[in-house]
Amino acid sequence: IEDKEELKRYIETTGVERRYIAEDGICSSDLCMAAAEKLIVDAGWNKEEIECLIMVTQTPDYIFPATACILQHRLGLSQNCLSFDITMSCPGWIYGLSVMSSMLSAGKLKKGLLLVGETSTKAKSPYDRVNLLAGDAGTATLLEFKEGAKPLLFSMHSDGSNFKSLIIPDGGYRNPVTPASFEYHMCKDEIMRNNLNADMQGDDILSFAMHTAPKCIKNLLEHYEIPKENIDYFLIHQANKMINKLIQKRLKIDDEHCPYNIADFGNSSSTTIP
């Protein structure tokens, strides 16, 4: 954005001032591997003790094999380490945390490594203003089973009815890549994309976020009988500042209890919360 006034309005609306973009040839796995190597050293863990590796991403290295299996080898983890991918975008870290904690709670596994990463800028059209929101990132989370620890509490939901509101149309087995997949065309939101670019219908996403996110948070608190005033921080997926502020308003959460870092990292999909 070259116009300074327009740039100012964009920053005020989205909350994004700067973001990180992975260089060509750098994948989600590379970012997650760097995060994992640092975290394992900082925690003083022995890699041989890690018994489970989950990789959450929608921008994997390949259609198959699983990126988690590749990272098991690259990180030098034991071949006894259970490794698999979860395909999920914005709620990815929560899904991964739920799966990993459930597996560890069964008592057979003691230590797990949860990797969550996206290079979503690679999936955006260069003509798409939404691309200015996107940031690339990789995160690592270590979990360890501890007898008597308080449980992690989740309220999980799914709604695939509007799957076309956020989709890359071609490249899977439903719509394989053809020469036409690379041809740019004007979409109904008046943005030029090809069928290998992420197509997001902003109005649909806004409506979904506004109606669903507050309801999910209320359901969680009500189900587990947790008073809202007992929560130190509400860490909401950072879609953009405008959406998050509307969610805050509906839930009557003040800024002190809802921190953000979107100004520095943008919307990095599943990695915004970790």
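Arg193 and Asp189 make a salt bridge, with their closest N and O atoms 2.9 Å apart (that is, a side-chain nitrogen of Lys or Arg within 4 Å of a carboxyl oxygen of Asp or Glu). Keep in mind that this is a predicted model, where local features need pLDDT of at least 70, side-chain atom pairs count only at pLDDT 80 or more, and totals for chains, interfaces and linings use all residues. Residues are numbered from 1 along each chain as its sequence is written, and side-chain values use heavy atoms, leaving out hydrogens and water.

- Arg193 counts as buried at 1% relative accessibility (buried is under 20% relative accessible area, exposed over 50%, partly exposed in between, with a 1.4 Å probe and protein chains only).
- Asp128, Asp189, Arg193 and Asp199 are tied together in a network of salt bridges.

**Other salt bridges**
- The structure holds 11 salt bridges.
- One of them joins Glu49 and Lys111, with closest N and O atoms 2.6 Å apart.
- That pair links distant parts of the chain, 62 residues apart: Glu49 sits in the loop between helix H2 (28–43) and strand E1 (52–56), and Lys111 in strand E3 (helices, H or I with at least four residues, and strands, E with at least two, are DSSP runs numbered from the N terminus).
- Lys111 is buried at 13%, while Glu49 is partly exposed at 37%.

**Strands E3 and E4**
- E3 (residues 111–118) pairs with E4 in the antiparallel sense over 8 bridges (pairing takes at least two DSSP bridges between two strands).
- Val116 has Thr139 of E4 as its bridge partner.
- In E4 (residues 137–144), 6 of the 8 residues are buried, so the strand is largely enclosed by the rest of the structure.
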